[in-house]
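This report concerns one protein model and its computed features. Please inspect the sequence and coordinates below before reading on.

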Amino acid sequence: MLAFWNNVKEELEYKLMSQKELAKATEISYNTLQSWMTKDRLPDASDSVRIAKVLGVSVEYLVTGADGSKRRENADLDELIRDIRHLSSDDLSLARSVVRRLTVPVS
């Protein structure tokens with residue numbers, strides 16, 4: 001498998017995102033995405049940019065695996081989102097309440 005797709009899969013796992021969610025977010029059909037991955041074909045430049053943008057990485061990273069220092073500019077936010085996805089609905093409601101209280105300007 002091309003490094004591109006290995007890196008895409010790694011980022012999907014990191015973001016707890018499915019291939020279907022990636023397809024929807026990039027507006028690339030799921031069947032097309034699957035075809036590229038199984039046939040080990042690279043998407044064109046514009047589709048590569050859309051995939052990289054949704055994953056929060058550079059095209060350079062997807063193609064080469066390089067660019068690690070710039071790879072996750074929002075690592076703290078990504079980690080927080082990953083943690084939030086594991087909360088129960090009650091805990092999620094509580095977390096929303098806390099965040100709303102923290103973001104209210106102090107008079």
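The sections below treat the basis of the model, its fold, its core, its salt bridge and its nonpolar surface patch.

## Basis of the model

The model is predicted: local features need pLDDT of at least 70 and side-chain atom pairs count only at pLDDT 80 or more, whereas totals for chains, interfaces and linings use all residues. Residues are numbered from 1 along each chain as its sequence is written, and side-chain values use heavy atoms, with hydrogens and water left out.

## Overall architecture

The protein chain contains 8 helices and 0 strands, where helices (H or I, at least four residues) and strands (E, at least two) are DSSP runs numbered from the N terminus. Among contacts (heavy atoms within 4.5 Å) between residues at least 6 apart in sequence, 58% join residues at least 24 apart.

Of the 107 residues, 26% are buried; buried means under 20% relative accessible area, exposed over 50%, and partly exposed in between (1.4 Å probe, protein chains only). The accessible surface of the chain is about 7400 Å², with 52% belonging to carbon and sulfur atoms. Accessible areas come from the Shrake-Rupley method with a 1.4 Å probe, and for residues only the protein chains shown count as cover.

## Nonpolar core

A nonpolar core is a set of buried Ala, Val, Leu, Ile, Met, Phe, Trp, Tyr and Cys residues joined through side-chain atoms within 4.5 Å. The largest one has 17 residues, and those with the most contacts inside it include Trp5, Leu22, Leu33 and Ile51. Two or more residues each are given to this core by helices H1 (3–14), H2 (19–26), H3 (30–38), H4 and H5 (59–64). H1 supplies the largest share, 4 residues.

Leucine 33 touches Trp5, Gln19, Leu22, Ala23, Ile28 and Ile51, leaving aside residues up to four places away in sequence.

## Salt bridge

The structure holds 1 salt bridge, defined as a side-chain nitrogen of Lys or Arg within 4 Å of a carboxyl oxygen of Asp or Glu. Aspartate 47 and arginine 50 form this pair, at 3.0 Å from N to O. Both residues lie in helix H4 (residues 45–55), 3 residues apart, about one turn of the helix.

Aspartate 47 counts as buried because its relative accessibility is 12%, whereas arginine 50, at 33%, counts as partly exposed.

## Nonpolar surface patch

Leu77, Leu80, Ile81, Ile84 and Leu87 form a nonpolar surface patch with about 390 Å² of accessible area together. Patches are made of residues with over 30% relative accessible area and no salt bridge; like charges are joined within 9 Å, and nonpolar side chains (Val, Leu, Ile, Met, Phe, Trp, Tyr) within 5 Å.

Leucine 87 is found in the loop between helix H7 (75–84) and helix H8 (89–103). Its relative accessibility is 33%, so leucine 87 counts as partly exposed.
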